[in-house]
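Work through these exercises with the model in view. Try each task before you read its solution.

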Amino acid sequence: MVYTKEHKCILQAVMHEGALHEDEIRELVIRLFDHNNIKKVLSEINAKLQPLYMTIKCTTCEITGQSYWIFTSTIQDKTASFHPEFSQAELALLRNVYSEIVTSNNGCISSTFCLNLCSSLNMKLTKADADKFLHEMVNRKWLYCKDGKYYMGVRSIAELLQYFKDTYEDNIQICTLCKQELFYGEKCNKCNTITHIYCLENYSRNRGVGCPNCHHLMPGQAHSSDDSDCVMEIDAS
């Protein structure tokens, strides 16, 4: 395998952003290599990165189901470390946000609750500065925000998983379908089986609706079923 300047261009793009959406990677690969075999190109780059204990890995957003390619170390650290450009107060807030997300019942916390965490810090951080910092964490894919709630971002899942497993061992759940760690997903009301939303969607397309364990209708599938009924009624009329 010849490592070319095109490979370096892809690597630099991922390193610069920290996380690139799969569509952005595909566009780069097509433009630079005249094909769309993303996995082949990234496998060639990772072969060069391996001696440096670095890699570009694919991680799926638990909320959107979209894939991102993330530049990260192959040696997972047991401590959550970030760029020194952030203040100790900001990092303390982020660790508290992580703690609340991981230990919550639904894998997310409200933005208001996040800002109120400022009062529990030993260091001063205004709510205005905290809000600005949290938005920056969303932009950098460390967190994900939707409808006023914060979720675990793809970079946090890819780069800090070992930290979460070591720190919150009893709170980390496993997806029934893909057997990978899960922070936010769909839970069966009958048997408490939990899956990633995107895993459940793939399962439903191939195997039909229902919990993979007990076949009871899952909450998200119930909404889909209701929507389908409405569409059928409209079509029938």
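**Exercise 1: Burial**

Explain why Phe86, at 9% relative accessibility, counts as buried.

*Solution.* Start with the cut-offs. Buried means under 20% relative accessible area, exposed means over 50%, and partly exposed lies in between, with a 1.4 Å probe and protein chains only. Phe86 has 9%, so it counts as buried.

Know your source before you go on. This is a predicted model, in which local features need pLDDT of at least 70 and side-chain atom pairs count only at pLDDT 80 or more, while totals for chains, interfaces and linings use all residues. Residues are numbered from 1 along each chain as its sequence is written, and side-chain values use heavy atoms, with hydrogens and water left out.

Now widen the view. The protein chain has 237 residues, and 41% of them count as buried.

**Exercise 2: Aromatic pairs**

How many aromatic pairs does a search of the whole structure find? Describe the pair of Phe86 and Phe133.

*Solution.* Take the rule first. Rings of Phe, Tyr and Trp (its six-membered ring) pair if their centres lie within 6.5 Å; planes under 30 degrees apart are stacked, over 60 edge-to-face, and the rest tilted. The search finds seven pairs. Phe86 and Phe133 have ring centres 5.4 Å apart and planes at 75°, so their pair is edge-to-face.

Helices (H or I, at least four residues) and strands (E, at least two) are DSSP runs, numbered from the N terminus. Phe86 sits in the loop between strand S3 (67–73) and helix H4 (88–103), and Phe133 in helix H6 (residues 127–139), so the pair ties together parts 47 residues apart in sequence. Phe133 is buried too, with a relative accessible area of 3%.

Then try another pair. Phe164 and Phe183 are also edge-to-face, with 5.4 Å between centres and 75° between planes. Phe164 is in helix H8 (residues 161–167), while Phe183 is in the loop between strand S8 (181–182) and strand S9 (186–187), 19 residues apart. Both Phe164 and Phe183 are buried. Ring pairs also join Phe164 and Phe183 with Tyr98, Tyr163 and Tyr168 in a cluster.

**Exercise 3: A three-stranded sheet**

Find the strand order of the sheet that contains S1, S2 and S3. Which strands stand at its edges?

*Solution.* Two strands pair if DSSP finds at least two bridges between them. The order is S1-S3-S2, in an open sheet with antiparallel pairing. Strand S1 (19–21) and strand S2 (54–60) have a single partner strand each, so one side of each is left without a neighbour in the sheet. Seven bridges join S2 to S3. Cys58 stands opposite Trp69 in S3.

Contact means heavy atoms within 4.5 Å. Axes are lines fitted to C-alpha atoms, for helices over the stretch in contact, and angles run from 0 to 180 degrees between N-to-C directions. Helix H2 (residues 22–33) lies across S1 and S3, at about 80° to S1. Helix H3 (residues 38–49) touches S2 and S3, and its direction makes about 145° with that of S2.

**Exercise 4: Confidence**

Which element has the lowest mean pLDDT?

*Solution.* pLDDT is the predictor's confidence in each residue, from 0 to 100. The chain averages 89, and 89% of the residues score at least 70. Helix H10 (residues 219–236) has the lowest mean among the elements, 44, while strand S6 (residues 149–152) has the highest, 98. Over residues 225–237, pLDDT stays under 50, and the model has zero contacts there beyond four places in sequence. Where pLDDT is low, the predicted coordinates should not be read in detail.
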